[in-house]
Amino acid sequence: MPLVIAAFLLWAGAWFLNVQLANGRGADTRAVRLAVPVIFGLTLVAMWELIVRGLALPMVILPAPSMIGARFATSIPTLWTDFVQTFVKGALSGFAIGGLAAFFVAILVDRSDFLRRGILPVGSFVAALPIVGTAPILVMWYGFDWQSKAAVVTIMVFFPMLVNITAGLQETTQMQRDQIKTWAASYWQGLWKLRLPAAMPFVFNGLKISSTLALIGAIVAEFFGSPIAGMGFRISTSVGQLALDMVWAEIVVAALAGSLFYGGIALVERWVTYWHPSQR
């Protein structure tokens, strides 16, 4: 019980420190903007450790961060193999295929009102299908290796990207489109010089949404069949063995991979769409 009390005292002290940093004179500096979330995250981890130790919770309920860290350190080769299988092969390949396919279909939809009226409603229907229903079917079609996971990810990524790119291509005003026509620009010149740059905020919005969907889709698809590697496979088998520290180690890998992937896209977005009000 003293450890639990210490955990809440630590929380109160960290809260006070963060409030002082956030409201202080140097609150707008980069160091403070980084320090506040770091202190918050470290405080949560420390409270987790103290509460689990103080209440003597069994590992099958909630392992302590120190146990997860120890398992992480001793399982790096396995975690790396699972990361490559799930994220690099399954999630990234499906993300690339789905994004490129959505871009080309969005161009066709933009040029045809018939396709716009026909494809987008079908896309909304397919996007609403539960992954637990489509994943087993695609695993049967494409096999148990990463190709079936990439297929699941492609479907999950395709329609959010299609909707965002299609909406972005309509972002320019009629006056802007008429202006570029007066310069004798063709459809493709107007697309590359005017409409696609204006659509970039929508494109990156779709990319950021799809970055989280891709990893989730790849992990869930592995629950329905995979070789003896992958985050989803490892989580499923470790739960059956009550090795909850390994489950949490895989969760840490997935969280780090997803956060870095999202952050990388956000950095590229800031560089490409520096002119947009959201980046100021």
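The following questions and answers concern a predicted model.

Me: Is Gln85 buried or exposed?
Reply: Gln85 has its place in helix α4, which spans residues 76-111. Its relative accessibility is 9%, and the cut-off for a buried residue is under 20%. Gln85 therefore counts as buried.

Me: Which residue has a side chain joined to that of Gln85 by a polar contact?
Reply: Leaving aside neighbours within four places in sequence, Gln85 is in contact with residues including Trp146, Glu222 and Asp145. A polar contact of 3.1 Å links the side chain of Gln85 to that of Asp145.

Me: Which element gives the largest share of the largest nonpolar core?
Reply: The largest nonpolar core has 37 residues, and Phe87, Met161 and Leu207 are among those with the most contacts inside it. Elements giving two or more residues to this core are α4, α7 (146-169), α9 (187-221) and α11 (244-272). The largest share, eleven residues, comes from α9.

Me: Are the rings of Trp11 and Trp15 stacked, edge-to-face or tilted?
Reply: Trp11 and Trp15 both belong to helix α1 (residues 2-23) and lie four residues apart, about one turn of the helix. Their ring centres are 5.9 Å apart and their planes stand at 45°. Planes under 30 degrees apart count as stacked and over 60 as edge-to-face; the pair is therefore tilted.

Note on methods. Residues numbered from 1 in each chain as written. Predicted model: local features only at pLDDT ≥ 70, side-chain atom pairs only at ≥ 80, totals over all residues. Heavy atoms only, no water. Buried < 20%, exposed > 50% of the residue type's maximum accessible area, 1.4 Å probe, protein only. Polar contact = N/O pair within 3.5 Å; in protein donor to acceptor, adjacent residues only side chain to side chain. Contact = heavy atoms within 4.5 Å. Core = buried A, V, L, I, M, F, W, Y, C linked by side-chain atoms within 4.5 Å. Phe/Tyr/Trp six-rings, centres within 6.5 Å; stacked < 30°, edge-to-face > 60°.
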